[in-house]
Structure formats: structure tokens, C-alpha cells
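Here are my comments on the model you sent.

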Amino acid sequence: MLKRAIGIFLTLSSLLTYLILDMLDNPVKTKITTTDMNSGVITATVLYQYPLMYWVICVTLIITFVLGIYFILAKEKQYEEYPLCDTPEYTRNK
């Protein structure tokens, strides 16, 4: 039961963190313009570059998400119940 609760927490927190990160983080825009001298056509290309920390956080969130799913789907071990030592079956005759 505790594994499942931890798994749900990890999964939801990783999803929410990713959504917040996706909304707040703006990539660096690099504009490349080229001009064709013969025709006079100008082409502009915008490249989006994310900082390295963004990718580190994304990889960490993916690992957290997978770990959370594992905890949710993992089956808990069922322990065998043994009789207590002081039951009449196990007391010695004196």
C-alpha cells in the first residue's frame, strides 16, 4: 500500500513538474537570415536552443515517472502467517 502511494506521488509530481517547466522555460531564440543576391529573397530561420539544465531536468523527470509507474504496478509480497509460539499446540507438556 505504501509503495503504491509513493508511486502515485512520484508519477503525479513528475508530470506536474514537467508541465510547469514546459510553461515557464523559454528557449533561446537564434535568428538566422540569409539573402540570395540574385533574386533578393530573404529567408529567416529561427532556431530554439534549450539550455543543458533543461535536458538534465527532463531526464530526471522521465526516470522519476518510470520509477513511479513501477511502484504503482509492483505487487506486494504476501507474507505467510505462522502460528504464535504460545498457542496450545506448541506448548510443551511438563
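1. To begin with a single side chain: does Ile 62 count as buried or exposed? Ile 62 counts as exposed, because its relative accessibility is 54% and the cut-off for exposed is over 50%. The residue is found in helix H2. In sequence Ile 62 is 47 residues from Leu 15, while in space the two C-alpha atoms are 9.0 Å apart. Please keep in mind throughout that this is a predicted model.

2. Overall make-up. The protein chain has two helices and two strands, and along the sequence they follow the pattern α-β-β-α. Of its 94 residues, 12% count as buried. The accessible surface comes to about 8800 Å², and carbon and sulfur atoms account for 66% of that surface. As for contacts between residues at least 6 apart in sequence, 54% of them join residues at least 24 apart.

3. Helix H1. This helix covers residues 2-24. H1 has 23 residues, and the distance from its first C-alpha to its last is 33 Å, close to the 33 Å expected at 1.5 Å a residue. The buried residues of H1 are Gly 7, Leu 10, Thr 11, Ser 14 and Leu 21. H2 is included in what covers them.

4. Thr 11. This residue of H1 counts as buried because its relative accessibility is 8%, and the cut-off for buried is under 20%. Which residues does Thr 11 touch, leaving aside its neighbours within four places in sequence? The contacts are with Phe 65, Gly 68, Ile 69 and Ile 72. Of these, Gly 68 is itself listed among the buried residues of H2.

5. The start of the chain. Met 1 is placed in the segment before H1. With a relative accessible area of 71%, Met 1 is exposed. Met 1 and Lys 75 are 74 residues apart in sequence, yet their C-alpha atoms are 9.6 Å apart in space.

6. The strand pair. Strand E1 (residues 28-35) and strand E2 (residues 42-49) run antiparallel and are joined by eight bridges. Thr 34 has Thr 43 of E2 as its bridge partner, and Thr 30 stands opposite Leu 47, also in E2. The hairpin of E1 and E2 has six residues between the strands, and there Gly 40 takes a positive phi near 80 degrees.

7. Helix H2. Tyr 54, Cys 58, Leu 61 and Gly 68 are buried in H2. Seen down the helix axis, the buried residues of H2 fall within an arc of 90 degrees, so they line one face of the helix. They pack against H1. Leu 52, Ile 63, Val 66 and Tyr 70 are exposed on the other side of H2.

8. Aromatic pairs. How many aromatic pairs does the structure hold? There are two aromatic pairs. In one, the rings of Tyr 54 and Trp 55 have centres 5.2 Å apart and planes at 85 degrees, so the pair is edge-to-face; the cut-off for that class is over 60 degrees. Tyr 54 is buried, with a relative accessible area of 8%, whereas Trp 55 counts as partly exposed at 45% relative accessibility. For Tyr 70 and Phe 71, the ring centres are 5.9 Å apart and the planes are at 45 degrees, so this pair is tilted. Phe 71 is partly exposed, with a relative accessible area of 22%, and Tyr 70 is exposed.

9. The buried residues of H2 pack against H1, and H2 is part of what covers the buried residues of H1.

Definitions and conventions. Residues numbered from 1 in each chain as written. Predicted model: local features only at pLDDT ≥ 70, side-chain atom pairs only at ≥ 80, totals over all residues. Heavy atoms only, no water. Pairing = 2+ DSSP bridges. Helix = DSSP H or I, 4+ residues; strand = E, 2+ residues; numbered from the N terminus. Buried < 20%, exposed > 50% of the residue type's maximum accessible area, 1.4 Å probe, protein only. Contact = heavy atoms within 4.5 Å. Areas by Shrake-Rupley, 256 points an atom, 1.4 Å probe, with all protein chains shown as cover. Phe/Tyr/Trp six-rings, centres within 6.5 Å; stacked < 30°, edge-to-face > 60°. Arc of directions from axis to C-beta. Expected span 1.5 Å × (residues − 1).
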